[in-house]
Amino acid sequence: MPPPRTKELVALTEDPKASEPELRRAGELALQSSDLEGRCGSLQAFARRYPESIDAALQEARACIGLDWGSGPMRRSTGR
């Protein structure tokens with residue numbers, strides 16, 4: 001069973017009436033979580049709903065870096 005805060009964030013991101021500021025705040029809370037992978041849905045929902053939002057793109061990028069999902073070909077070629 002997910003922690004209460006996670007359940008609240010998921011409920012907010014699934015709410016079609018959630019505003020951009022509300023989803024931005026949900027993303028900020030998700031980024032502060034020690035279980036970042038479990039809360040990536042909040043960040044992805046924000047980016048899907050507001051694809052033009054720079055804040056959504058930055059939050060999603062921060063999550064990927066935090067999860068080390070940013071290990072593309074350029075990173076491998078530098079030996080890092």
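From the N terminus on, the elements of the protein chain run α-α-α-α-α. There are five helices and zero strands, taken as DSSP runs (H or I, at least four residues, for helices; E, at least two, for strands) and numbered from the N terminus. The model is predicted, so local features need pLDDT of at least 70 and side-chain atom pairs count only at pLDDT 80 or more, whereas totals for chains, interfaces and linings use all residues. Residues are numbered from 1 along each chain as its sequence is written, and side-chain values use heavy atoms, without hydrogens and water.

Of the 80 residues in the protein chain, 29% are buried (under 20% relative accessible area, 1.4 Å probe, protein chains only). The largest nonpolar core has eight residues: Leu-9, Ala-26, Leu-29, Ala-30, Leu-31, Cys-40, Leu-43 and Ala-63. Such a core joins buried Ala, Val, Leu, Ile, Met, Phe, Trp, Tyr and Cys residues through side-chain atoms within 4.5 Å. Helices H2 (20-31) and H3 (40-49) each give two or more residues to this core. H2 supplies the largest share, four residues. Another core, of five residues, lies apart from it and includes Ala-18, Phe-46, Ala-47 and Ala-56.

H3 packs against helix H4 (residues 54-66) at about 150°, with axes 8 Å apart. Axes are lines fitted to C-alpha atoms over the stretch in contact, and angles run from 0 to 180 degrees between N-to-C directions. H3 and H4 are therefore roughly antiparallel (over 145 degrees). Cys-40, Leu-43, Gln-44, Phe-46 and Ala-47 in H3 meet Asp-55, Ala-56, Gln-59, Glu-60 and Ala-63 in H4, contact meaning heavy atoms within 4.5 Å.

Terms used. Buried means under 20% relative accessible area, exposed over 50%, partly exposed in between (1.4 Å probe, protein chains only). Angles under 35 degrees count as roughly parallel, over 145 as roughly antiparallel, 65 to 115 as roughly perpendicular and the rest as oblique.
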